[in-house]
Structure formats: structure tokens, C-alpha cells
Amino acid sequence: MLLWILITVGTVILDQLTKFLAVEYLTKVSTIPIIENVIHLTYLENTGAAFGILKNHRWIFLVISTVAIIALITYMLKFPPKNKWLSVGLSFIVGGGIGNMIDRTILGYVVDFIDFRLINFAIFNVADSFVCIGAALVLIYVFFFSEDAKKGAENDAKRDS
């Protein structure tokens with residue numbers, strides 16, 4: 001459980017630190033190319049969800065985020081994950097959710113700044129990255145390490161013999 005707390009808190013701290021730096025330095029210059037036309041640091045105040053959908057519906061995101069975070073924490077306390085993929089993945093999702101919820105609660109918007117221009121992708125932040133990486137880790141657990149995945153592999157092996 002200590003590991004989950006450390007990962008979650010570390011995720012929130014890293015997210016808030018990078019957003020602080022974005023506000024401090026990027027609001028003055030708008031954008032800084034890291035690799036021209038590939039990845040830039042670009043300041044954006046996002047009042048919506050991913051890709052700016054549902055702009056100015058902050059209360060919806062606060063309610064959904066709160067419910068999801070409480071549900072995940074409850075799940076982790078009630079059914080402590082024994083698998084590292086699941087533990088780390090859920091901790092990343094909770095930490096990223098808390099990071100963006102802090103912005104929505106205090107600022108009324110989420111600070112985004114990672115601008116991946118190579119494929120004209122939406123501008124995002126560290127919390128968004130942790131939520132996506134966490135979801136990928138949970139999917140790895142579900143498909144490769146869960147009991148259902150193990151039973152499916154056993155059934156496939158029996159069927160092939």
C-alpha cells in the first residue's frame with residue numbers, strides 16, 4: 001500500500017510541478033519548440049476534456065473524476081492488487097486524475113503544454129500522460145496476467161494439444 005501512495009503522490013507532485021513551470025515560463029512566450037514541428041511546449045488553458053470536448057462543463061469533470069478516483073481507491077483498499085502492472089497502473093490513473101482535478105478545482109481549467117505536432121495531436125499534460133500509461137498498464141494486466149487471461153491461455157493450450 002505504501003508503494004501505491006508513493007506512486008500516486010509522486011505523480012501528482014510531478015504533474016503540478018510541470019504545470020507550475022508551464023505557467024511560469026510558457027505564458028510569456030506562448031510556445032517553445034523542442035524539435036521544430038515535432039514537439040513543442042505550448043501553453044493552453046483547457047476548460048474541456050480530452051481534445052477540448054465539452055468545453056466549460058467543469059462540474060461534469062469534477063463529479064466524474066471524484067467518483068472515479070474514489071472508486072479506484074476503494075477497489076485498491078478492498079482488493080489490494082498483487083500484480084505490479086495493476087498496482088502501478090491504478091496508482092498512475094488516480095494520481096493523474098487528482099492532478100487534473102486540482103487544476104479544475106482551483107483554476108477552473110486544466111493547464112496543458114505538451115504539444116506533439118508531428119501528427120497534429122491535442123495539447124496535453126503530465127497528468128494526461130500518467131492516466132494513459134496507467135490505462136495501458138491495466139490493460140496489460142487484464143490481457144496477460146489476470147486469472148481470465150491465464151484460464152484462456154490454458155484452454156488454448158488444451159485445445160491445441
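The model is predicted. The chain holds five helices and three strands, and their order along the sequence is α-β-β-α-α-β-α-α. A search of the whole structure finds three salt bridges, and salt bridges that share partners join D15, K19 and D103 into one network.

**Overall architecture**

- The protein chain has 161 residues, of which 37% are buried.
- Its accessible surface comes to about 10,000 Å², and carbon and sulfur atoms account for 71% of that surface.
- Of the contacts between residues at least 6 apart in sequence, 65% join residues at least 24 apart.

**Helix α3 and its ends**

- Helix α3 covers residues 84-106, a run of 23 residues.
- From the first C-alpha to the last, helix α3 reaches 33 Å, which is close to the 33 Å expected at 1.5 Å a residue.
- The N-terminal end of α3 is capped by N83, with a side-chain oxygen of N83 lying 2.7 Å from the backbone nitrogen of W85.
- Just after α3, the residue G108 adopts a positive phi of about 90 degrees.

- Side chains of opposite charge can pair when their charged atoms come close.
- K19 and D15 form a salt bridge through their side chains, with an N to O distance of 2.9 Å.
- Both partners belong to helix α1 (residues 2-29), and because they are four residues apart there, about one helical turn separates them.
- K19 and D15 are both buried.
- K19 also forms a salt bridge with D103, in which the closest N and O atoms are 3.1 Å apart.
- K19 lies in helix α1 and D103 in helix α3, so this pair ties together parts of the chain that are 84 residues apart in sequence.
- Buried means under 20% relative accessible area; K19, with a relative accessible area of 3%, is therefore buried.
- D103 likewise has a relative accessible area of 3% and is buried.

**The R117–D115 pair and the surroundings of D115**

- The side chains of R117 and D115 meet in a salt bridge with an N to O distance of 2.8 Å.
- R117 has a relative accessibility of 33% and so counts as partly exposed.
- D115 has a relative accessibility of 6% and so counts as buried.
- The network formed by salt bridges with shared partners consists of D15, K19 and D103.
- D115 is located in strand β3, which spans residues 110-116.
- A polar contact of 2.8 Å links the side chain of D115 to the side chain of T42.
- Leaving aside residues up to four places away in sequence, D115 touches V38, I39, H40, T42, F121 and I123.

**Nonpolar surface patch and exposed residues**

- A nonpolar patch on the surface is formed by M1, I5, V9, I13, I73 and L77.
- Together, these residues have about 570 Å² of accessible area.
- Helices α1 and α2 (58-78) are the elements that give two or more residues to the nonpolar patch.
- Helix α1 provides the largest share, three residues.
- I13, one of the patch residues, sits in helix α1.
- The cut-off for exposed is over 50% relative accessible area; I13, at 54%, is therefore exposed.
- W59 is found in helix α2.
- With a relative accessibility of 58%, W59 also counts as exposed.

Conventions:
Residues are numbered from 1 along each chain as its sequence is written. This is a predicted model: local features need pLDDT of at least 70, side-chain atom pairs count only at pLDDT 80 or more; totals for chains, interfaces and linings use all residues. Side-chain values use heavy atoms; hydrogens and water are left out. The expected span of a helix is 1.5 Å times one less than its number of residues. A polar contact is a pair of N or O atoms within 3.5 Å; within protein, one must be able to donate a hydrogen and the other to accept it, and residues adjacent in sequence count only if both atoms are side-chain atoms. A salt bridge is a side-chain nitrogen of Lys or Arg within 4 Å of a carboxyl oxygen of Asp or Glu. Buried means under 20% relative accessible area, exposed over 50%, partly exposed in between (1.4 Å probe, protein chains only). Patches are made of residues with over 30% relative accessible area and no salt bridge: like charges are joined within 9 Å, nonpolar side chains (Val, Leu, Ile, Met, Phe, Trp, Tyr) within 5 Å. Accessible areas come from the Shrake-Rupley method with a 1.4 Å probe; for residues, only the protein chains shown count as cover. Contact means heavy atoms within 4.5 Å.
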